[in-house]
Amino acid sequence: MVAFNFNLEHPPSAGTENFVFWHFAQMQYKNPNVNMYVFNNMTPSPYIQFFFSGGKKLVLDVDSQDKVTIFNQVKKIFCKTDETLQAETLAKEKKNNPANFGYMCTHECICEIPGQVPCTKWCIPPKELRGKFKFLGKDVEPE
C-alpha cells in the first residue's frame, strides 16, 4: 500500500501535489495489485508512506522537494534499473519459439518442417495448387 500525504495550496507540498498529479495514474496502472491512497490536508508536512507485506513500512520525507526529485527517489528505491529492463527485453526477444520462422530463428522457412508443403523453389507443385491452373484454367509449366 502507498499513501501520499500533502496539503493543497501549501508551498512545501507543491512538489508532492505535482508528483501525484503527473505520476499517480501511471503508478496505479503499472501496479494494479497495489493500493494507492491520496490524503489531502491531513498532515502538517508532506510525506509518502509505503507499507510492505511483511509489516514493515518506509516513509519518504518530501517536504519542499519538486516532483522530479520525488520521482527520482521513488524510481531509485523501487524501480528496476535500465540495465535490468534491457536484459529482460533481450531475453524475451530471444525466446526460442518453434513457431518463429526467418532470420536468426530455428527454421528459415516453414518448408523445412516435416509435413509442410515444400517450397516451389525445390519442386513443382501439383496443378491444383497452381494459381494459373486453378483460377485461369491454363496449364503452364513453371520454368
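Sorted by class, the lining of the largest pocket comes out as 14 nonpolar, 4 polar and 3 charged residues. Keep in mind that this is a predicted model. The volume of that pocket is about 670 Å³. It has 21 lining residues, and those closest to the centre are Met-27, Asn-31, Val-74, Phe-78 and Cys-79. As for where the lining comes from, helix H1 (14-30), S3 and H2 each put in at least two residues, with H1 giving the largest share at 5 residues.

Now for the rings. There are 6 aromatic pairs in the structure. One of them joins Tyr-37 and Phe-39, which are stacked, with 6.3 Å centre to centre and 25 degrees between the planes. Phe-52 and Phe-78 also pair up, but their planes sit at 35 degrees with the centres 6.1 Å apart, so this pair is tilted.

| Residue | Relative accessible area | Class |
|---|---|---|
| Tyr-37 | 37% | partly exposed |
| Phe-39 | 29% | partly exposed |
| Phe-52 | 41% | partly exposed |
| Phe-78 | 34% | partly exposed |

Elsewhere, Phe-4, Phe-19 and Phe-24 come together as one aromatic cluster.

Notes:
Residues numbered from 1 in each chain as written. Predicted model: local features only at pLDDT ≥ 70, side-chain atom pairs only at ≥ 80, totals over all residues. Heavy atoms only, no water. Phe/Tyr/Trp six-rings, centres within 6.5 Å; stacked < 30°, edge-to-face > 60°. Buried < 20%, exposed > 50% of the residue type's maximum accessible area, 1.4 Å probe, protein only. 1 Å grid on protein atoms, 1.4 Å probe; cavity = no way out; pocket = protein on both sides within 12 Å on 5 of 7 lines; lining within 4 Å. Points joined across faces, edges and corners; volume = space filled by probe spheres on them. Helix = DSSP H or I, 4+ residues; strand = E, 2+ residues; numbered from the N terminus. Nonpolar A, V, L, I, M, F, W, Y, C, P; charged D, E, K, R; others polar.
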